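Hi everyone, thanks for coming.

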Amino acid sequence: MSEEGATELLPPHISADFYLWLWYSSEVKNGKFTLEDGSALEVYLDDRLALRETGDDRPTTLLTGDSPGTTPEARAAVSGGKVPKELRLLIRREDREYHVTLRGSRVGIAQAKLPTQVKTGEVLEVLLDRMFVYEELHWLVAALLRQFAVERVSESWRSSVVPAMREWLLPLDASGSGG
Amino acid sequence: MGILKGALSGRRYRIVGDVPEGFTDDYIHALNTNQLREPQSPTHKGEVAGWCQVHNLLDVDFQDINLWLYNHYALFALRVDKKTVPAKLLRAHLQKRMEAWCKQNNRPKVPAAVKEELRETLELEMLQKTLPRVQTWEIVWNMTEQWAVFTNDSELPNERFQKLFLRTFGLRAIPWSPLDELAGTEGLPEALVSTGATDVRGGGR
């Protein structure tokens, strides 16, 4: 890896695939993920989803409100060739709940609402508390990304994940299975 | 929103290079050397940038480490002041000045040289009355794990942060995304690079 890091090397479709995988997996697994260290994690699409045309960096579809990923508009947009550019997640680990937006090809962490314990008081205490949970959030996103990456480069991506995603994207009345 | 309260947004950086032993005196000096310096003249036009404290943007002295160094975290802010005259307002006032000049000198038109002189005088007058637009973005730097967060996600402020950080501490700040964590798994980034875009269009067909 160069000093500039992986961001400089990876093509932009990797982040779009990651966002799609998060969205798909959170729905089909009812939010339940298991990390590489065996710990449990819950991940849900929160209240914002932005999609773009492939080859265009500007978002052209923006869905907000409760569970935007479950709307027919969101699935139709992906079925029609759009890819996720930004999504807001609710991530829950033990009793800590994070709300965070993942954005762009760098998988930037934005608008992170952190489950801090120390709200006021000495700067040092507030800072240490916030940095602890910020670090955990960064680690969780990286862990999810690693899990995605391993699946993305495996043979099963084309043979089973992509077909399952296509099935998942079917309109409810067309799939006949409710999903 | 920022490091100490509210939702946290921004770019994360990896800091390349070691923090020297007994760095505090050197870094106090470095931060003070690159602190925000307000222009001497009230008619100064354009931007000035430098470090300030997160607690109050008017505090630009870093002598007291208790105000910016918290265990292994350095906490400070980039302040950028920009002073400009509103172009439309300048044009409108200039029009009035030119009309007055024509009347006073009984001339139908203002010569170009005079117009420029009137414009410069007017701009200086307006700059004296104008307050700068002040922006600040916080930085937290974990000096033992060598990463930092800059609380802005736009290109220009981030470039400015990287340049000033390098000039101040002699250390490079390299953008660091969660994608960079993949580098720890041998062969994974290279395998990802070779993948094509996933096409799920026409679900089920």
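**Where the chains meet**

Let's begin with the contact, which draws 49 residues from chain A and 38 residues from chain B. Please keep in mind that this is a predicted model. On the side of chain A that touches chain B, at least two residues each come from α1 (13–28), α2 (72–79), β6 (108–113), α3 (123–152), α4 (156–169) and α5 (172–175) of chain A. Which element gives the most to that side? That would be α3(A), with 14 residues. By type, the residues on this side of chain A are 28 nonpolar, eleven polar and ten charged.

Now let's step back to chain A as a whole. You'll find five helices and six strands in chain A, and along the sequence they run α-β-β-β-α-β-β-β-α-α-α. Of the 179 residues in chain A, 34% are buried.

Let me pick out one helix, α2(A). Here A74(A), A77(A) and V78(A) are buried. Why do they sit on the same side of α2(A)? Because they cover an arc of only 95° around the axis. As a reminder, an α-helix has 3.6 residues a turn, so residues three or four places apart point the same way. On the other side of α2(A), you can see P72(A) and E73(A), which are exposed.

And what covers the buried residues of α2(A)? The cover includes α1, β2 (40–53), β3 (59–64), β4 (82–93) and α4 of chain A.

Key: Residues numbered from 1 in each chain as written. Chains lettered and ligands numbered in written order. Predicted model: local features only at pLDDT ≥ 70, side-chain atom pairs only at ≥ 80, totals over all residues. Contact = placed C-beta atoms within 7 Å. Helix = DSSP H or I, 4+ residues; strand = E, 2+ residues; numbered from the N terminus. Nonpolar A, V, L, I, M, F, W, Y, C, P; charged D, E, K, R; others polar. Buried ≥ 20, exposed ≤ 12 C-beta atoms within 10 Å, placed from the backbone. Arc of directions from axis to C-beta.
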